[in-house]
Amino acid sequence: MKKIEEKIYLKPFKSSDIKNSNYLKWLRDYDVIKFLYRQELFLKFKNKDIYEYVKKIEKSKIDYFYLIKLNKEYIGTVKIGHIDWYARTGDLGIMIGNKNYWNKGYATKVIQLVCKFSKKKLNLRKLIAGSPSINKGMIKAFKKNQFIIEGNRKKQLLISKKYVDHIFLGKFI
């Protein structure tokens with residue numbers, strides 16, 4: 001059995017990748033997007049809107065967007081966004097879109113890869129992330145990468161008709 005390190009790759013996400021990646025399918029799957037807390041995804045969006053979003057990120061000087069590739073299969077996305085070049089900080093967002101790869105340690109490995117990349121290539125000093133408190137797997141993946149809980153907004157988010165806490169995590173890299 002190969003180690004995860006040998007299988008996982010991050011590929012810069014280009015708008016031309018949308019067709020080949022299942023990205024649109026993931027964005028239409030409620031189970032995948034409910035913890036992202038992006039309300040616009042719950043509305044009927046047009047494919048053209050997603051292409052425009054990805055094109056905007058491609059041109060951005062403060063956002064880096066990647067497909068997560070396991071061997072030859074795309075399994076999700078990760079974004080280092082809202083980079084503050086002066087303070088050297090960035091937000092980390094991750095989506096494992098292919099549910100066959102949930103709870104298998106891939107998010108943990110991707111977070112580890114992104115932390116290394118953010119320090120070595122982007123010269124960032126800190127990454128932050130947020131997660132609904134009910135997304136136990138994602139919180140666990142961050143904690144395994146030495147992220148600590150820096151804050152908690154009580155009953156801040158509305159998910160599946162329930163108010164849940166919004167957990168904020170951070171790590172000096």
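Let's start with Ile94: leaving aside neighbours within four places in sequence, it is in contact (heavy atoms within 4.5 Å) with Leu36, Ile68, Thr77, Val78, Ala107, Val110, Ile111 and Met138. Keep in mind that this is a predicted model, where local features need pLDDT of at least 70, side-chain atom pairs count only at pLDDT 80 or more, and totals for chains, interfaces and linings use all residues. Residues are numbered from 1 along each chain as its sequence is written, and side-chain values use heavy atoms, with hydrogens and water left out.

Buried is under 20% relative accessible area, exposed is over 50%, and partly exposed is in between, with a 1.4 Å probe and protein chains only.

Let's stop at Leu24, which belongs to helix α1. Leu24 is buried, at 15% relative accessible area. Not counting residues up to four places away in sequence, Leu24 touches Ile18, Phe45, Asn47 and Ile50. With Ile50, the separation is 26 residues in sequence and 7.9 Å in space, C-alpha to C-alpha.

Next, please look at Thr77, one of the residues in contact with Ile94. Thr77 is in strand β3 and is buried, with a relative accessible area of 5%. Beyond its neighbours within four places in sequence, Thr77 has contacts that include Phe13, Tyr23, Trp26, Ile68, Ile94 and Met95.

Ala107 lies in α4 and is buried, with a relative accessible area of 15%. Setting aside residues up to four places away in sequence, Ala107 touches Ile94, Ile96, Met138 and Ala141. Ile111 and Val78 are 33 residues apart in sequence, with 8.6 Å between their C-alpha atoms.

How do α4 and α5 meet? Two packed helices are described by the angle between their axes and the distance between the axes. Here the axes of α4 and α5 come within 9 Å and cross at roughly 40°. The axes are lines fitted to C-alpha atoms, for helices over the stretch in contact, and angles run from 0 to 180 degrees between N-to-C directions. The two helices, α4 and α5, are therefore oblique to each other. For the cut-offs, under 35 degrees is roughly parallel, over 145 roughly antiparallel, 65 to 115 roughly perpendicular, and the rest oblique.

On the α4 side, the contact is made by Ala107, Thr108 and Ile111, and on the α5 side by Met138, Ala141, Phe142 and Lys144. By class, that contact of α4 with α5 has 5 nonpolar, 1 polar and 1 charged residues. Nonpolar here covers Ala, Val, Leu, Ile, Met, Phe, Trp, Tyr, Cys and Pro; charged covers Asp, Glu, Lys and Arg; the others, Gly among them, are polar.

Last stop, some backbone and surface spots. Asn22 has a phi near 70°, a positive value in a residue other than glycine. Asn22 is in the loop between β1 (8–12) and α1 (23–27), and it is partly exposed, at 41% relative accessible area. Lys155 also has a positive phi, about 45°, although it is not a glycine. Lys155 is placed in strand β6 (residues 148–159) and is exposed, with a relative accessible area of 61%. And Gln146, in the loop between α5 and β6, counts as exposed at 55% relative accessibility.

Notes
Helix = DSSP H or I, 4+ residues; strand = E, 2+ residues; numbered from the N terminus.
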